Amino acid sequence: MQVTAPPSIPGPAAEVQAGLYGYFSGNWRFTRTMRGVDALAIGEAQGLATFQPAEAAHLQYEERGQLRLVAGQQLLSFSRRFGYRMEGDIVRVDFADGMQAGEEYQRYRYNPQQMALVPVETHLCNLDRYDGRYVLMDDNHFDLHTRIEGPHKNYRLHTHYSRL
């Protein structure tokens with residue numbers, strides 16, 4: 001993978017909001033690795049994701065792909081949806097499917113020095129903590145690093161996105 005220049009996302013809040021909206025909009029290919037805290041592989045996934053305009057400062061995210069679990073080498077199809085609301089330098093991610101549809105998942109703040117969306121708070125689900133971090137590598141690539149820790153789950157996800 002070749003990284004060119006940092007993404008072009010401007011400064012003041014309204015400009016950052018518009019820049020983040022434009023940055024994520026469109027179609028992406030992704031690869032995802034799942035590893036336990038011991039760094040052992042749990043599974044790998046790949047698929048396609050779309051950030052589709054829904055309304056002003058709101059993108060509807062949908063991903064579809066296939067997951068191969070290391071144990072048993074099962075191949076599973078999956079899909080997931082989230083709503084992304086840009087609020088100045090904050091990106092609020094809401095569940096858009098399942099039993100939690102419409103509920104907030106996480107909030108991230110854009111940090112221009114780190115070229116990243118960093119979590120504002122941790123999502124708690126059945127005593128498991130979810131923390132994510134988006135690293136905006138350039139206009140066509142970003143990574144999402146997610147840590148899930150608790151009594152029920154304990155692993156790391158790394159998802160790499162490439163614009164189509």
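In which strand is Asn154 found? The answer is in point 4, after the overall picture. Notes on this predicted model follow.

1. Fold content. The protein chain has one helix and eleven strands.

2. Size and packing. The radius of gyration of the protein chain is 16 Å. A compact globule with 164 residues would have a value near 15 Å, so the two agree. The C-alpha atoms fill a box of roughly 50 × 35 × 30 Å along the principal axes. Of the 164 residues, 41% count as buried. Take the contacts in the protein chain with a separation of 6 or more: residues 24 or more positions apart account for 40% of them.

3. Surface and charge. The protein chain exposes about 8,800 Å². Carbon and sulfur atoms supply 52% of that area. There are 17 positive and 19 negative side chains. The centres of these two sets lie 4 Å apart.

4. Asn154. This residue is found in strand β11, which covers residues 154–163. Asp128 is 26 residues from Asn154 along the chain, and their C-alpha atoms are separated by 8.2 Å.

5. Thr146. Strand β10, residues 141–149, holds Thr146. The relative accessible area of Thr146 is 9%, so the residue is buried. Which residues does Thr146 touch, not counting those up to four places away in sequence? They are Tyr105, Asp131, Gly132, Tyr155, Arg156 and Leu157. Of these contacts, Tyr155, Arg156 and Leu157 belong to the residue range 154–163 of strand β11. Tyr105 falls in the range 104–111 of strand β6.

6. Gln106. Strand β6, residues 104–111, also holds Gln106. Why does Gln106 count as buried? Because its relative accessible area is 0%, and buried means under 20%. The side chain of Gln106 makes a polar contact with the side chain of Tyr108, at 2.2 Å. Inspect that pair in the model.

7. The loop between β3 and β4. Ala71 is found here, with β3 at 58–69 and β4 at 75–87. Ala71 has a relative accessible area of 60%, so it is exposed. How far apart are Ala71 and His58 in space? The distance is 38 Å, C-alpha to C-alpha, for 13 residues in sequence. Gln73 lies in the loop between β3 and β4 too. Gln73 has a relative accessible area of 45% and is therefore partly exposed. Its phi is positive, about 55°, although Gln73 is not a glycine.

8. Met115. The loop between β6 and β7 holds Met115, with β7 at 116–119. Phi of Met115 is near 50°, a positive value in a residue other than glycine. At 18% relative accessibility, Met115 counts as buried, because the cut-off for buried is under 20%. Gln73 also has a positive phi, but Gln73 is partly exposed, whereas Met115 is buried.

Conventions: Residues numbered from 1 in each chain as written. Predicted model: local features only at pLDDT ≥ 70, side-chain atom pairs only at ≥ 80, totals over all residues. Heavy atoms only, no water. Helix = DSSP H or I, 4+ residues; strand = E, 2+ residues; numbered from the N terminus. Buried < 20%, exposed > 50% of the residue type's maximum accessible area, 1.4 Å probe, protein only. Polar contact = N/O pair within 3.5 Å; in protein donor to acceptor, adjacent residues only side chain to side chain. Rg over C-alpha atoms; globule rule 2.2 N^0.38 Å. Contact = heavy atoms within 4.5 Å. Areas by Shrake-Rupley, 256 points an atom, 1.4 Å probe, with all protein chains shown as cover. Lys, Arg positive; Asp, Glu negative; His and termini not counted. Charge placed at Lys NZ, Arg CZ, Asp CG, Glu CD.
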